[in-house]
Every structure is written in structure tokens, then in C-alpha cells.
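Here is a short briefing to read with the model open beside you.

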Amino acid sequence: MGNEAVYLDPQKAPLDRAMDLLSKMTLNEKAGQLNQRLYGFSIYEYEGENFVLSQEFKDEVEKWGGIGTLYGLYRADPWSGRTEENGITPDKSMDAYNTVQRYVIEHSRLRIPALMSTECPHGHQALGGGILPVNTAAGCTFDEKLLEDAYEACGRQLSDGHVDLALMSMLDVLRDPRWGRCEECYSEDPVLSSKMAFAAVKGMKKSGTGVVAKHFCAQGEGTGGVNASAARIGERELREIHLPSTGAAVKAGCDGIMAAYNEIDGIYCHANSHLLKDVLRKEMGFKGVVMADGFAIDSLDKVTDDNVESGALALKSGVNISLWDKGFTELVQAVERGIISEKDIDEAVLPVLLLKFERGLFENPYMSKNMESEKSYGIDKLSTKMAEESVVMLKNTSAILPAKKAKKIAVLGENADSGYALMGDYTPPRCPEEMVTILQGLKRTYGNDAVDEFDFNSPEDKKKLTEEINEYDILVFVTGGSSSRYSGAEFDKNGAAISKGGSMECGEGMDRADIDVGSKEAKFIRQELGGKIPVITVCVAGRPYAVSEVSQISDAFLYSFYPGPYGGDAIARIIKGEISPVGRLSASLPVSSGQLPVYYNFKSSYDGMKYCDLEKKAAYSFGEGLMYADISYKAVLFKQVKELSSKIYDPGNETVKRKEANEELGEVVLRAKLKVKNEGNIEVCAVPQLYIRRHGGLVTARELELKNFKRYRIMPGEEAEIEMELTVGDFTFYDYEMKLSTKAKKYEVILMDQGKEIARTLINEGVLQEG
């Protein structure tokens, strides 16, 4: 084949170059740029030391005259089947990547390089890839800067691997603990979710790696907690809870948005032009690419009964890049049938070409050095720091913790010595030396001889523990669940688990009706060990579990959303008191599986969580978290700096009016000044949170809404002065006509930390009443 290279002046604007290239392309080549059909991890084999491309890959390049985007070249996990023995290790990455990219360019008539996308839901899902605690754990840190730093470090590894697009979970909001993908959410709260999403995008972008933020939108609101099910919500719930994190990701500069599997009010997200065009592009100003989720375009066959029409529908609705589906491979046929026009294809492919020029792929298509392992980028240290900050202490009867003087420790729990159980779904293979289990962490902290493990599934071990219990100072009971794919799970064509394999009971595909945890072990502890020894329970989780039983048998209770590969060290150091737990719950924990939904910000139109057979409250609510030192808040002063007038903000899609409205919405209304003191002898954190409660406005309000928070690390005896702000936008709500309004009767502002109210004030028609 002859090569007709495009040599438009690199000094010209990327858009000019993209449009010039588009004018030279055939319809088939354009359609090819919209396709991301291949599993990148399946396009190669090693013959000895030689990296060899598959015939399937070569045929795909031949069919489309190139490759638009290649997914998951580096991916390694049980689904992909790639391991240290047959996968791309860091020292082989340059040869592998360059071989793939060179073949694409040399077999493309216009020498168009391929974009490379890879999974990065909590780190790089590759051999040697840096892994962080899962998103729900990151949410518990309330530490935006740490998350930004961690993703900048991860991004440097991806950038060295010439990855263009990191597929990052960050848009979903955790609204139903039965959902297996809870771990991919930062929080049940839209403000915390948004701030963490902004930080994650900002950090990754600082490294030079592009971001595809997923999933858009309302996937966390699935019916009954079932993955990819209908989100039975209206426009108001969509905007109040689920859109803010996407707006934050767009504001931070994400390059792509991945549409979600679910439908909203009968319209699939991949076929929702209102969502993908009116909201995302016109309202939010998004300029990047919209990527489909795996096989999601083909799922539109349920509403089209025609796969060609499904591909056309997704394209017309705003999808630019497919993922594994057949529908986008039929786009040329859709044009021939008159379902879409070539102009529709041009509009979809232009952002893809633009992204390639913006990333400099035409000038620098190849890697110049190998990707390195996580320690070279400091990801291991940042992962450990995140783990330490994410653990939440929910109970500490009689100050059992810290257990500094414990000489002999009994450990009970199925996952106490499992490293993979600490890391969550989407985790690559790791050497045992690259992860620290809770049992290992305790032995490293207290000494090998001080720690004994007992197997609950062994009658002999249970008998021995019962007989020898008085020889131990504390019992560490490790409960919870696991999203580990390394214990025999089977997988669907999109990589989701379809069977409960081994200990896997959380993660994509692992939705559960029963979210009670540790009941059998709790019964054994209560009946056989109760009162004989202090029980310290560590719940390691991918979702908010119903924790009533395990909490009741515990003298101290630690909750740790999957804390990552080094989580065992962090938990052990907290138990001994080398560091204090400082996390705050990013999602509420129910009393039982029947107490759902249990999120704190329910509507005031009903009596939330009121059942005749349950106490009216969550087991533990959003924002709770104890520490080893008390912190005292004092000298709280609320000062209003701007009158909050009753007003409607409805700029529509007019850019000028929207800019003016955003400027006014960003104006400060209230400042809170306060002092906080560490009353103890160990370093801890203050996480003051400002909430509002709206009264009036003709549409129902929420009982409580987080609007801002700060995080301050405070040394022993130190007193810190903190200032926080609320803006006009913090007081807005969607009125009867779905317009932003501040026309409420009054607003209460409440300052809280650790689940406790510290102070409150009242704003009523612009007049501040100090509380």
C-alpha cells in the first residue's frame, strides 16, 4: 500500500490540522477512527523473547486502514489471562508499544497513529502498575491534595507507557450498597464526589496523561442495586446528585467521558442526546470525546431491534468512540442505508482526530524508554499514605485502642492473610512481596512471635482458640468481603464477573441482595469468646455493609474500604497506635440489608429510614470517624459578606449569560471562622464540614446537604485557625421549573465534624442570625 502522509505544518492549530486530515479520509477510514473493537491484551503473543502481533490485529488494521483507539494493551488480570509469564512487564513495554504503533502507522494510508486507552480505576491495571486504595477509601480521606498527588504519580507511569487515555472511575455516586461497583464511587455525597473527581483529573493531567472519566450518568442509582439497571429518577435527582461530579471532571480538563450502561426514564445513556449533547456539551462546555462502555452500543438493540440502527443511534446521540461492540463496525452500512449521513460521521470523528493532534501523536508516536515499576514513581509511598488516612474508627469502647501494650494477639478471619482482598476489583497480578496483608502487618508491627492466626473454617482452630483465649491480650477479627478475581471467578465478555468465584462477592457483576457481614463469626465470638478478651474488628470492604452484628460484638471497630496493597501495614500501625485513624465515612453503613437507602441526604418529604422494626438511624452515618485524640472546636464565628437575594439563574445555553451567572454563583455569601485544638498527644485531623438545610422554596429539600469541607492535620497540643466559605451557588436549588433558584424562606448553616454538630446559624432573606 502506498503512504500518502499528511504533512500539515505542526505549528498550525490542532483543529486546522484535524480538519485538513479529515478532508483527505475515506468514509471507511473515518469509521475506523471511531472504532475501539479489539481487546489490546489479546493482540499479541510472545515467541521466546519476540513480541508477535496476532492476525486478528493485522486484519483489523487492514479493514479500517489503521486503528482509531486500542484498549488495554497493558491490561493484566484473570480476565485478560496476562501474567508475568506471558504479559507485558515494564521492561518489555517500549518494544511492545512501539511494535504495535509502528504497524498501525506503516499500514495506514495517511499514517494516522492509534490512541492507547487503559484501565485506571484505582491505579494502572498492568504488570508493575501502581495501585492505590479504591475510590471509596479515597473518599474517606477527605484529602483532595493527596489524591491529586497520587494520580499525578500514577500518571507519570502511564505517560512513560505512552498511554493517551486513562479510563478512570469517578463519576458514579454511591446510592445503593447492594451494587457491586460501590468501590468505584468516591462517596454517597455529590460535593465530596465532585471535589475528589476534580483532584483525580487534575493530578492525572499534570502528568501529561489524558483522562476518560466514567460513568455518565447515574449508574449508582440502579434499580435494587443491580448493575446496569434502570435509574428510576427524575431530572431533579439527576442534577442534584449525579451531574455535579461530571461537571467537576469537565472543569478539571478531562479529555473524555464514558457513557454508562444504564437507562434513565427509558432512555439508555448511550442513546441520550439530551444528556450527551445538551447537558454535557452545551451546558458543561465539554469539548472532548465521548466513549462507549463495553458492548453498550450493542445493548441498544433492545430498543432498535437492529444493530446497524443501534450504532447509528449512539453516533447521532453523541458517542465518538466505541468499545468492543459490533454496532460501530456497521457505520458505513448505516450511511449506505440513509440512517445517518457522512456529515454525521465527520462530526463524530473530528474530536478523535483533534485529540490525536493535541496529544502530539503525529510528531511523537513512539516510546523512547521503558515504563518503570511503581516504586520508581513513588506510587507505593502515596498508596500507603492514602491507606493510613482512609481507615475509619467507628467504635472504641473504654479506649481499647490503641493496643500499644499487647504482647500476644490472636487473629481470626478468612481474609486476614490475603493481599488481593485489600485491593478491590480491576487489580493486576502482584508478587507477594508487593503487598502487605493484615496478618503480615501485625507481625511486622508487633513481631512474628506475638501474632497467631486461627482459621474460622477449621473446627480444630476454633476449639484451640476457645481453649487458649486467655493467653491472648486482644483478638483481631478481620471481616468484610473481597473483590479479588484471583479465586476462581468466571467472566462475561465485557470483563464483569458472572459467578461468585472463591471469595469474590463484590466488584463488577457482584451485586448482592444480602449485605449483612460476618454473622457466623460474630455469633461464635459472642457465644465462645464474649467477655474473655477485647475484640478489635477490622471490616475490609468494597461496599457499605450492614454491620450491626459485628459492631455489637466489638470493643473497637475499624472500617476500611479496600486500602490497597500496603493496607495491612496501615491497619496494623493504627491498631498499635503508631498513627491515629483519621478517616471519616464517605458512605453511611446500614443496620440491615432492609434499611436501604441509608444515605444521609434524603428528602425532607418523608421520614427517612423509619421502620417499625428498626431504630431510625443508620448504624454509622456519613462523616463519622473517631480518633485517638479529641479535637475541640471553639470561637466559631459566622460572618455574612453578601446579601443572599431571591433570584432565578437561567442562562440556558447562551455562553455569555452562562459566564455571567457562574461569576455571580461563585461570589462568597458566608465565611465561617473557627479555631480547633488537638487535645491529645498524637497527630490527628480536623475535617470541618459545612452543611445547609433549606426551608421553603416550593420543592422538597434534603434533610442535610454538604456544601464545603476542609481538612487540617493538627499536631499534639496545636491549635489551628480555619476559615471556610459558602458561595451563592451553595444556596441554589432547582425550582419547580428546573431553574436554579435562591428563593427559599430561610437557610440553616450547620458546622459539623465526626458526625457531630458544632455550631449553626440562620440566613433568612439576607439577614444573618448568629447561632
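Predicted model: local features only at pLDDT ≥ 70, side-chain atom pairs only at ≥ 80, totals over all residues.

Residues are numbered from 1 along each chain as its sequence is written, and side-chain values use heavy atoms, with hydrogens and water left out.

**Cavities**

- The structure holds 5 cavities of 30 Å³ or more; a cavity is a set of points on a 1 Å grid over the protein atoms alone where a 1.4 Å probe fits but cannot get out.
- About 90 Å³ is the volume of the largest cavity, a volume being the space filled by probe spheres set on the points, with grid points joined across faces, edges and corners.
- The largest cavity is lined by 15 residues, and those closest to its centre are E119, D293, W324, Y426 and N494; lining residues have an atom within 4 Å of a point.
- By type, the lining has 6 nonpolar, 3 polar and 6 charged residues (Ala, Val, Leu, Ile, Met, Phe, Trp, Tyr, Cys and Pro count as nonpolar, Asp, Glu, Lys and Arg as charged, and the others, Gly among them, as polar).

**Helix α21**

- Helices (H or I, at least four residues) and strands (E, at least two) are DSSP runs, numbered from the N terminus.
- The buried residues are G567, G568, D569, A570, I571, A572, I574 and I575.
- These buried residues pack against α16 (379–390), α17 (438–446), β14 (474–480), β15 (535–541) and β16 (556–561), where contact means heavy atoms within 4.5 Å.

**Salt bridges**

- There are 58 salt bridges in the structure, each a side-chain nitrogen of Lys or Arg within 4 Å of a carboxyl oxygen of Asp or Glu.
- K30 pairs with D346, with the closest N and O atoms 2.8 Å apart. This pair links helix α2 (residues 27–33), which holds K30, to helix α15 (residues 342–358), which holds D346, across 316 residues.
- K30 is buried at 5% relative accessibility, whereas D346 is partly exposed at 23%.
- R444 and D569 also form a salt bridge, at 2.7 Å from N to O. R444 belongs to helix α17 and D569 to helix α21, 125 residues apart.
- R444 counts as exposed at 58% relative accessibility, while D569 counts as buried at 16%.
- A network of salt bridges links R75, D77, E119, K214, D425 and R485.

**Aromatic rings**

- The count comes to 24 aromatic pairs; rings of Phe, Tyr and Trp (its six-membered ring) pair if their centres lie within 6.5 Å, and planes under 30 degrees apart count as stacked, over 60 as edge-to-face and the rest as tilted.
- Y420 and Y486 are stacked because their ring centres are 3.9 Å apart and their planes are at 10°.
- Y420 is buried at 17% relative accessibility, and Y486 is partly exposed at 27%.
- The rings of F602 and Y606 make a tilted pair, with centres 5.8 Å apart and planes at 45°.
- One aromatic cluster is formed by Y39, F41, Y71, W79, F295 and W324.

Key. 1 Å grid on protein atoms, 1.4 Å probe; cavity = no way out; pocket = protein on both sides within 12 Å on 5 of 7 lines; lining within 4 Å. Buried < 20%, exposed > 50% of the residue type's maximum accessible area, 1.4 Å probe, protein only.
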